[in-house]
Amino acid sequence: MLTWDDPLIASNREHRPAPTADAAPPRGADRGRAEAALKPVDPRDKRVVNGQTDINQLAPFKYPWAWNYFLNANKNHWTPLDINMTQDVHDYHHRLTLEERHVYENVLAYLTTSDILAMRNIGLAVMEKMSAPELQIYQARQVYEESVHTWTYQHCIETLGLDQGEIYNRYRVVPEIHAKIQMSNERLSSVLRPDIDLRDRDELHNFVLAYIFFAALFEGVWFYNGFSPIFALQRRGLMKGTAEQLQYIMRDEVMHAGFGIRVVRQIMLEENIQPDARALRLMWNEAEAVEAAYAHFILPDPILGYSAEQHIEQYRFVANRRARQLGLDEPFPGAENALPWLDEQANLRKEKNFFETRVTEYQTGGALNWD
Ligand SMILES: [Fe+2]
Ligand SMILES: [Fe+2]
């Protein structure tokens, strides 16, 4: 029976019955095993996947960087209700051109479907395969953040009075959006099966590839670049509320990509496995093809300060950066930074008035370190 005064003592008493006069102490090998079973987990025994240690013991950490990700993520606490959208309602209905509305709506339609996928991937396919709790803790936070991102798009769609049934269905009826979602869905389905055993090298390799896809490409490139058309509007004084929302999301996504890349590198090290170069080449190429089609769909003609060609070149440039972070060869050597202002937009330390625009202040720590 628990007592609310000191539930720990009560539960210890429940789980460790007092020895009775009949109970003989364990001897020899039995005694050694019993003592080993009661020792704290040795962090050196922890593994990212396929570990055998007790998953319920958080510390000592083997991966202290994962715990730091969790602490840092909690400094970026916000909700979409914190940001004033009044001017966006006016901008959307009275200032945006038809071409700019087309860009805005389709970017939202793509992003909102993508964030559902991101949440399902990390929460259902990835987290359960981790065998160290400090990794799962940050991923649990990530699941929450993806749901806040979905809330954010919904808040924008609702506030502007867009047709929800139509916007949310675009990924199914617009081929250029559908192709990106389909590529992601296929990767997700390949690792969202109950019968996966990561001690099987083929399964492990497929999991590594899928993790690279979601962390480095889907979050690290597609999301990173995905916000840029809205930031291009923001730079001209349009849709600034939406852009501010996306800056918060972008900060989360940079963390998600950084964390995922670090996890993948650790798996490659611990499991002595490298992604197949040909499979990677196919992934980057397929992603480039669907991204190019998407860019030409949202930007059949350039809007002021932003073109499809710039978007595609930026895809290649950021893809190279993510590959370097993974310790892999650049897929598009020589690609140029077509949107040099995008990194500035991502780095909130340089946005001097950013937090002054917030209705509620959650930020309690210093600026995040992006390095
Ligand atoms: Fe997200
Ligand atoms: Fe994410």
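Helices (H or I, at least four residues) and strands (E, at least two) are DSSP runs, numbered from the N terminus. By that rule the protein has 15 helices and zero strands. This is a predicted model, in which local features need pLDDT of at least 70, side-chain atom pairs count only at pLDDT 80 or more, and totals for chains, interfaces and linings use all residues. Residues are numbered from 1 along each chain as its sequence is written.

The predictor's confidence in each residue, pLDDT, runs from 0 to 100; its mean over the protein is 87, with 83% of residues at 70 or more. Residues 1-23 stay under 50, and the model gives them five contacts beyond four places in sequence, a contact being two residues whose C-beta atoms, placed from the backbone, lie within 7 Å. The pLDDT is also below 50 over residues 349-356, a stretch with five contacts beyond near neighbours in sequence. Where pLDDT is low, the predicted coordinates should not be read in detail.

Of the contacts between residues at least 6 apart in sequence, 75% join residues at least 24 apart. Buried residues (20 or more other C-beta atoms within 10 Å of their own, C-beta atoms being placed from the backbone) account for 38% of the 371 residues.

One helix pair can be followed in detail. H9 (residues 175-191) packs against H10 (residues 201-226) at an angle of about 140 degrees, the axes being 9 Å apart; axes are lines fitted to C-alpha atoms over the stretch in contact, and angles run from 0 to 180 degrees between N-to-C directions. From H9 the contact takes Ser184, Arg187, Ser190 and Val191, and from H10 Asn206, Phe207, Ala210, Phe213, Phe214 and Phe218.

Terms used:
Chains lettered and ligands numbered in written order. Buried ≥ 20, exposed ≤ 12 C-beta atoms within 10 Å, placed from the backbone.
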